[in-house]
Amino acid sequence: MQVEKNKSRVVIENVKPEIDCGRFPIKRIVGGKVHVEADVFTDGHEAVSCVLLYRKEGTGDWAEVPLTPLVNDRWEAEFTVTEMGRYRYTIQAWLDHFKFWSRSLVKRVEAGQDVTVDLLIGAHLVEPAIARAGGADTERLQLFLEALRSGGNQGVQAALSTELAGLMYRYSARDASTTYSRELGIVVDRERARFSSWYEFFPRSCWGEPCGHGTFKDSEARLEYVASLGFDVIYLPPIHPIGRTNRKGKNNNVVSQPGEVGSPWAIGAEEGGHKAIHPDLGTLEDFRRFIARAREYGIEIAMDIAFQCSPDHPYVREHPEWFRMRPDGTIQYAENPPKKYEDIYPFDFETPHWREMWDELKSVVEYWIDQGVKIFRVDNPHTKSLSFWEWLIDGVKREHPETIFLAEAFTRPKVMYYLAKSGFTQSYNYFAWRNTRHELTEYFTELTRTEVKEFFYPNVWPNTPDILTEHLQVGGRPAFMSRVVLAATLAASYGIYGPAYELGENVPMAHGKEEYLNSEKYEIKQWDVNRPDSIKELIARLNRIRRENPALHSNEGLRFHPTSNEMLIAYSKATEDLGNVILTIVNLDPNYTQSGVVELPLEEFALDPHQPYQVHDLLTGGRFIWSGRHNYVEINPHALPAHVFSLRYRMRTEQDFDYYT
């Protein structure tokens, strides 16, 4: 609480991190540090002391960490969050009369002045601190008080004692302190919220031999393959009954033929809605067993949450008031003119019955949490009420702090960021459309070096069932290889839609369209995951590299480095202690070999620029000796379009020279 204006002489402002004046919390992972800075100052020449206060919500007293000065009245401190859930933090500051007196005394002593009266002033400051202390500290302060009153060298030595300074700080008078006007929030998630590798597949499709509609039991057999690629999250499109009315046919045809399976996102039929499972996939018990089997491989199942209904959904019959009616008495279907989605009814978030609808939709998430799902990929959250998501995610995470929400929000930047502020743990983003060195550097600098990093965790995908970029369409196999290297090393979390990705599927529906021909969204596909042109081995190596190198577990250490060729992009990630430094260099040209010189800030990596050092290519196993800041690289995109180097200091010997060249 702010003290009375006539008593408060300390100003606290420009606190960082602080999102939208404290409206939203920042994000951290268990074990992560919260580094806080603020401007703290007062009038005149008085000294200021200040502390960073923090606590986990639901606990009692504040813990505190002293802030230390930087420059120009800027102060800093940090603390570590140790549990999932929510924390609060703020800053308290006060005039520290003892600190001001001590600094002045030092100057007087150095100038050879008589400090007899000054020591008595110090004794006057120590005396009330004795009343605030307790136990052995009381006795120590009493001894210091007597020394100050005695004067002379003994008094000066006591006055300049670091022990006395520490005791006086501990028992400072804070009755006229200033506490920052806001308590700021932190949402603390588990490690997988920051570092994860996602693999999306449709359980109804077939791998290997021709089959009918795939099941959860079939999907159990695919777990070994996904695990061999190194993924730790499997994302399934909606697993619910699919509507029959206005069902979409192959290639999004508005008329379906008999036997066509429709889009999984047209949720709801006679068999049930959002709390039901498509009968052709199996039973609820089959789904639970699939989750348990995945867990044995170290894989979590992410479930799709798509809050929309087919015309056959039970909600349409039981709660027509949750949908928007057109003047002709029919329910408004989804559309993005000129596109029409007659197989989907969106919820009306302006309905007068919003409270009942919100409660029911929240119960859908809670139902699947009860079945063992802890990760949700949310379909098109930007087309629903932003306030609704803030309410739902806050409520769910207070009961289930381990829950992770991924926003599939390909929308305007401010809306995308607002969803992250509102509670979404991770988010899709614009990576798929950032292709040049300039575009990638600018975008990932924004994500990792600005305030955005405090609340936005990107999960980068080079493809999805909805997105087949022009770059993948025309770049062929080299483009698929380079984009997955970029995804896996630029971001701590990434994903691919497979098996389409590792098999290099790149035929669009039509020229200029970023959609797949014969899209799996509308039909059952048969995949041969053992095709010789698959890049699955590269993906498996990348995921192994990610697991084994903690520098790639975070976005914090990302730095871009100059290259002499615009078609080469170079960047590094390093752990805070520099025990692990990963340098990635990618050829962005899918057609031609590109070469150039890479410039590295060796001092930042604790490497002596005058000594040789080793770079170990983790993709190929090759080892090379480099010297100095500038080194030459040449990359053939048809062989392997990237290097992922581990940097290590190493003296060059004659044997090294013979071996590495």
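This is a predicted model: local features need pLDDT of at least 70, side-chain atom pairs count only at pLDDT 80 or more; totals for chains, interfaces and linings use all residues.
Two strands pair if DSSP finds at least two bridges between them.

The chain averages a pLDDT of 95, and 97% of the residues score at least 70. One stretch to treat with care is residues 651–661, where pLDDT stays under 50. For that stretch the model has 14 contacts beyond four places in sequence.

Four strands form an open sheet, and their order across it is 1-3-7-6. The pairing is antiparallel. Which strands are at the edges? They are strand 1, residues 10–16, and strand 6, residues 68–69, and each of these pairs on one side only.

Let us look at strand 7, residues 74–80, with strand 3, residues 33–42. These two run antiparallel, and seven bridges join them. Val34 has Phe79 of strand 7 as its bridge partner. Val36 stands opposite Ala77, which is also in strand 7.

Strand 7 is joined to strand 6 as well, by two bridges, and that pair runs antiparallel. Thr68 has Glu76 in strand 7 as its bridge partner. Strand 6 and strand 7 form a hairpin, with four residues between them. In the turn, Asn72 has a positive phi of about 55°.

Next, the helices. Two packed helices are described by the angle between their axes and the distance between the axes. Here we have helix 1, residues 97–110, and helix 2, residues 116–132. How do their axes cross, and within what distance do they come? The axes come within 10 Å and cross at roughly 160°. An angle over 145 degrees counts as roughly antiparallel, so helix 1 and helix 2 are roughly antiparallel to each other. The crossing of helix 1 and helix 2 is left-handed.

Which residues make the contact? From helix 1 they are His97, Phe98, Trp101, Leu105 and Arg108. From helix 2 they are Asp118, Leu119, Ile121, Gly122, Leu125 and Val126. By type, the residues of this contact divide into seven nonpolar, two polar and two charged.

To recap, we have an open sheet of four strands in the order 1-3-7-6, and a roughly antiparallel pair made of helix 1 and helix 2. That is all I have.

Technical notes:
Residues are numbered from 1 along each chain as its sequence is written. Side-chain values use heavy atoms; hydrogens and water are left out. Axes are lines fitted to C-alpha atoms, for helices over the stretch in contact, and angles run from 0 to 180 degrees between N-to-C directions. Angles under 35 degrees count as roughly parallel, over 145 as roughly antiparallel, 65 to 115 as roughly perpendicular and the rest as oblique. A crossing is left-handed if the near helix is turned anticlockwise from the far one by less than a right angle, and right-handed if clockwise. Contact means heavy atoms within 4.5 Å. Ala, Val, Leu, Ile, Met, Phe, Trp, Tyr, Cys and Pro count as nonpolar, Asp, Glu, Lys and Arg as charged, and the others, Gly among them, as polar. pLDDT is the predictor's confidence in each residue, from 0 to 100.
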